[in-house]
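Thanks for coming. I will walk through one model this morning, starting with its disulfides and then moving on to a sheet and the cores. Please look at the sequence and the structure as I talk.

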Amino acid sequence: MPAAPHPHDEAAAWAQGMQDLAVSLAQIGVKSPVSLQRQHRRRQQHRAQAFDPELKRRQPRCAVYSGVRFHADVAAGLLWAFQEAGCTVTAYMHPVAWRSVKNVVLPWFKGARRMHTAMLAEAGQYDVIVLATFPEPKFAGTQAALLQGKHAPPPHQRLLLVSHNPGHLLSGCTTAAQPWLRDLLAAQVAAGEPPNHAPRLQLLTLAPCVSNFTAAMLAGWAAERQLSSTGHGGSSGAGDSSSGGSMTLRVEVPWMAPLVPWQGRRAGKARHLCIQGSLNPRRRDYAGAFAAASHPAVLAQLRARNESLLLVGSGSDAGLPVPPVLRPHVRILANLPYEDYYATLSNCRAILTAFGSDVYITNKASSTLAAALQVGTPVLTEDSVLAAYAYLRPTAAYSYRRSVSLGSIPQAAALGSAAGREAALDPAGQCSMLSSATVKQGGTRVLQRKLSAGEELPSDAQRADGMAAALEQPPAGSYEAALLATFDDEANQAAHAAAWQLKLDVMRHNIRLAARSMTAAAAIDL
């Protein structure tokens, strides 16, 4: 298939991007794509010969499919990871999604770009197909046909399914609910014995906590199905009654934080505090962030430095509870192109996660953490988030203690297991996750926990009086103290350096995961 043409006026930018990419690869110590590919394929050379002799002598062919207008950054990250792992990659993307990331992708992408509607007709030529959003709202089209093998796949072809919301895997919202999932579970079980078997279908998620939730959900679902159909079973294993016996379920759900090379880093000191994403108080705790930023010591820093709390995303500020004392320091930057969006976030002292719900530490990947990782900017977040996203490092984050009024930290695996068992007991399915697995939205968490503890938020007049008086430092470990710490310029520069190094390390993880996925295509034993 011919490579996608690059416009003449983008040639210089593309060449510079390739040089930057080489520097990035050298920084993270990644071997060249060719040597990395050879290293992994050599281990199972005999399998490649047995099932596809021609595959041993050529580069693997991969396709990244995205038939939706959104999640363009996820598709871009998948393109880069599989390309750098040694695959010849073709992008099958919705034109709206492609246009939104084209300027970020073209400097380094070597493959072809095709319309998403051509995927099914051309799917038979690929060794690995990655579905960047699974299941899509219109699942009954291309994705369902791929899962059912209507494209006459080669014997070794693998499908990687990127789950953004694991609840949809067991719901009745799409026709993904039953027959394919039974096959997926059986394939996951078979992957455990004998060694080196690889499932034809492989789930991926975008965060470690979501992987833990999804693996436990599938195991719980299978265990409950076996228990209800055979009258025996237990928590130590799971089975499928259709197999005629009990099977130990070994579900592997790896994660990949989608990242791409990006060299538009800020020059000089960082400025501003930032919250990214859609301006939706039900998804982000703006009230809590505004309350913390209105602390007299934080306000004094914003005023003295002429800095702001930037809301970078889409929508308007209608309904956002901005206190009058903070209003001069709140600015909205809406609907930026990806390149401007990244440039803005890279200039922030820190990006506040401001989670409006605990779903972002259990069963839903945070776009804020992905964006911060992409631009090498430290995050400011609850300490529970560092545990949920195991790749995060304290040196690349400003953390504060979780309020006791929010209760214990939810455990992704326990919630996932409960969700799977409830789904098995409700085979008809629901269009949303069942009650025990749902972590309810709490859009104004900090405001709610202060009031529930019997405290009163200070009035604007009281805050103004506090500014005039000697400033009191916020308590150690508090939200306010974390915000104040970002104004230490020297320490902030060190946090930015640590965040950039973290990005490079996660990019290396992504390449290795992509390489393993390609190697497994040659290892499928039919």
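A disulfide here is a pair of cysteine sulfur atoms within 2.5 Å. Before I use that, two notes on where the values come from. The model is predicted, so local features need pLDDT of at least 70 and side-chain atom pairs count only at pLDDT 80 or more, while totals for chains, interfaces and linings use all residues. Residues are numbered from 1 along each chain as its sequence is written, and side-chain values use heavy atoms, with hydrogens and water left out.

How many disulfides does the structure hold? There are 2. With the bonded cysteines numbered in sequence order, they pair 1-2, 3-4.

C62 sits in strand 1, and C87 in the loop between helix 4 (72-84) and strand 2 (88-93), so the pair ties together parts that are 25 residues apart in sequence. Helices (H or I, at least four residues) and strands (E, at least two) are DSSP runs, numbered from the N terminus. Are these two cysteines buried or exposed? Buried means under 20% relative accessible area, exposed over 50%, and partly exposed in between, using a 1.4 Å probe and protein chains only. C62 is buried because its relative accessibility is 0%, and C87 is buried at 5%.

The other link is between C274 and C348, whose sulfur atoms are 1.9 Å apart. It is left-handed, with -85° about the S-S bond. C274 lies in strand 7 and C348 in the loop between helix 12 and strand 10, 74 residues apart. C274 is buried at 0% relative accessibility, and C348 is buried at 0% too.

Two strands pair if DSSP finds at least two bridges between them. An open sheet of 6 strands runs in the order 9-8-7-10-11-12, with parallel pairing. Which strands are at the edges? Strand 9 (330-334) and strand 12 (397-400), each of which pairs on one side only. Strand 7 (residues 273-276) and strand 10 (residues 350-352) pair over 2 bridges, and C274 stands opposite I351 in strand 10.

Helix 12 (residues 338-346) lies across strands 7, 8, 9 and 10, at about 155° to strand 8. Helix 13 (residues 367-375) lies across strands 7, 10 and 11, at about 170° to strand 10. Axes are lines fitted to C-alpha atoms, for helices over the stretch in contact, and angles run from 0 to 180 degrees between N-to-C directions.

Last, the cores. A nonpolar core is a set of buried Ala, Val, Leu, Ile, Met, Phe, Trp, Tyr and Cys residues joined through side-chain atoms within 4.5 Å. The largest one has 80 residues, and those with the most contacts inside it are L78, F82, M93, L345 and Y389. Its largest share, 13 residues, comes from helix 19 (residues 489-523). A second, separate core has 33 residues, including W221.

Contact means heavy atoms within 4.5 Å. Leaving aside neighbours within four places in sequence, F82 is in contact with residues including C62, C87 and M518.
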